[in-house]
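The following exercises concern a ligand and its surroundings, and then a pairing of charged side chains. Each task is followed by a worked solution.

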Amino acid sequence: MAVPAEPSKVSKVAITIDHAFVVRFVHALDERLTDAETYLTELDAAIGDADHGTNMTRGLHAAVIDLEAAPDRGVAAGFAGVGRSLIRAIGGASGPLYGTVFATLGRTLPQDGAVDARAFAAGLREALHAVQRLGAAVVGDKTMVDAIAPGVTELERRLGHGDDLAAALDAATRAARGGAKATTPLRARKGRASYLGVRSEGHQDPGASSSALVFDALHAAATSPGTAADPLLP
Ligand code: ADP
Ligand code: MG
């Protein structure tokens with residue numbers, strides 16, 4: 001008979017990036033975006049068209065429904081499905097951009113079995129490149145790239161120093177959040193906010209802010225192995 005692990009040891013179990021990880025991530029991001037919907041929309045009201053919060057929650061609700069309909073895809077196909085859901089449900093600038101992030105993970109991660117932390121970081125690096133190819137933004141243009149780039153760099157650095165995935169994603173989340181905060185004084189050079197010119201200064205970028213939540217949700221997926229009570233977990 002299997003002996004259940006002590007609670008103190010459960011948190012130390014190495015996290016596998018598998019289908020259940022993708023499910024935990026999508027749920028965690030859906031929760032975070034729902035909590036932050038008003039905040040993200042207010043940020044977008046200041047320098048955009050006041051729809052970023054609702055865009056993101058609409059996209060993530062669609063991704064949750066899609067995952068529930070097809071619960072047993074692998075990691076790469078799971079992320080690809082998230083990308084399709086976001087592109088279909090969001091529209092605007094952030095739909096194709098976030099869609100590209102997850103579609104690129106779906107294309108570049110190993111297609112079978114669990115994914116190791118370094119392969120995942122490499123997939124995120126590819127996703128950043130793909131967003132930059134699509135949107136032509138560099139760090140400092142006051143976009144989601146300002147959060148994703150430092151997040152990916154910190155993830156790679158921490159994994160390189162031997163941190164486990166959860167610790168590395170914790171540090172990556174702080175780096176992404178720092179990147180989002182650092183957009184406040186910048187003048188937007190890409191997207192709708194760039195039309196405001198100097199008036200875009202003094203406001204935090206909504207897309208960079210939601211990107212920090214993406215890292216936070218990845219961190220949550222890497223720290224909570226999940227329970228059998230979750231109907232989505234195998
Ligand atoms: P829209 O601008 O179409 O209303 P959203 O409000 O959902 O779309 O998303 C706006 C966010 O998209 C911005 O805050 C910015 O972070 C991001 N964004 C816009 N254009 C670009 C771009 N060219 N490259 C990267 N990110 C961009
Ligand atoms: Mg908008």
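**Exercise 1.** Identify the backbone and side-chain atoms that lie close to oxygen atoms of ligand 1.

*Solution.* Begin with Gly207, which has a backbone N or O atom 2.9 Å from an oxygen atom of ligand 1. Next, a backbone N or O atom of Ala93 is found 2.8 Å from an oxygen of the ligand. Finally, the side chain of His52 places an N or O atom 2.9 Å from a ligand oxygen. Taken on its own, ligand 1 has 560 Å² of accessible area, of which the protein covers 93% (Shrake-Rupley method, 1.4 Å probe).

The model is predicted: local features need pLDDT of at least 70 and side-chain atom pairs pLDDT 80 or more, while totals for chains, interfaces and linings use all residues. Residues are numbered from 1 along each chain, chains are lettered from A and ligands numbered from 1 as written, and side-chain values use heavy atoms, without hydrogens and water.

**Exercise 2.** Describe the shell around ligand 1 by helix and by residue class.

*Solution.* Helices H3 (52-69), H5 (94-108) and H9 (206-223) each give two or more residues to the shell (helices are DSSP runs of H or I, at least four residues). H9 provides the largest share, 3 residues. By class, the shell holds 6 nonpolar, 8 polar and 6 charged residues.

**Exercise 3.** Which residue forms a salt bridge with Asp49, and which parts does the pair tie together?

*Solution.* The partner is Arg192, with the closest N and O atoms 3.1 Å apart (a salt bridge is a side-chain nitrogen of Lys or Arg within 4 Å of a carboxyl oxygen of Asp or Glu). Asp49 lies in the loop between H2 (19-47) and H3, and Arg192 in the loop between H8 (165-181) and H9, so the pair ties together parts 143 residues apart in sequence.

Terms used:
Polar contact = N/O pair within 3.5 Å; in protein donor to acceptor, adjacent residues only side chain to side chain. Nonpolar A, V, L, I, M, F, W, Y, C, P; charged D, E, K, R; others polar.
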